[in-house]
Amino acid sequence: MQLGVKMLKLTPARGFSAELATALTVSIASRYGLPVSTTQIIVGAEIGVGLVENVKTGLNYWVILKTFLGWVA
């Protein structure tokens, strides 16, 4: 709910793009033995999808900030 509704408007095509980017990133990291967080990768992919839509209005930056602060805490 937080990622798909509050952070950005996620349509099926945008969701597919974010999931594909996540899968490729995790696959490449696994190939090289790099430890990665799938949660952080999907958030990054959705931020990328939102930025492609519109830099100013495509994302809810307050939700992104709260997510990052939650990771740090």
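Among contacts between residues at least 6 apart in sequence, 64% join residues at least 24 apart in this chain. The model examined here is a predicted one. The C-alpha trace spans about 35 × 30 × 20 Å along its principal axes, and 26% of the 73 residues of the chain count as buried.

Helix α3, covering residues 38–53, packs with helix α4, covering residues 61–72, at an angle of about 160°, and their axes lie 12 Å apart. Because angles over 145 degrees count as roughly antiparallel, α3 is roughly antiparallel to α4. The crossing of the two helices is left-handed. On the α3 side, Thr 39, Gln 40, Val 43, Ile 47 and Leu 51 take part in the contact, and they meet Tyr 61, Ile 64, Phe 68 and Trp 71 of α4.

The largest nonpolar core has 11 residues, among them Met 7, Leu 8, Ala 18, Leu 59 and Val 63. At least two residues of this core come from each of α3 and α4, and α3 gives the most, with five residues. Val 43, Ile 47 and Ile 64 belong to this core and also take part in the contact of α3 with α4.

Met 7, a member of the core, touches residues well along the sequence too: leaving aside neighbours within four places, its contacts include Val 43, Ile 47, Leu 59, Val 63 and Ile 64.

Key. Residues are numbered from 1 along each chain as its sequence is written. This is a predicted model: local features need pLDDT of at least 70, side-chain atom pairs count only at pLDDT 80 or more; totals for chains, interfaces and linings use all residues. Side-chain values use heavy atoms; hydrogens and water are left out. Axes are lines fitted to C-alpha atoms, for helices over the stretch in contact, and angles run from 0 to 180 degrees between N-to-C directions. Helices (H or I, at least four residues) and strands (E, at least two) are DSSP runs, numbered from the N terminus. Angles under 35 degrees count as roughly parallel, over 145 as roughly antiparallel, 65 to 115 as roughly perpendicular and the rest as oblique. A crossing is left-handed if the near helix is turned anticlockwise from the far one by less than a right angle, and right-handed if clockwise. Contact means heavy atoms within 4.5 Å. A nonpolar core is a set of buried Ala, Val, Leu, Ile, Met, Phe, Trp, Tyr and Cys residues joined through side-chain atoms within 4.5 Å. Buried means under 20% relative accessible area, exposed over 50%, partly exposed in between (1.4 Å probe, protein chains only).
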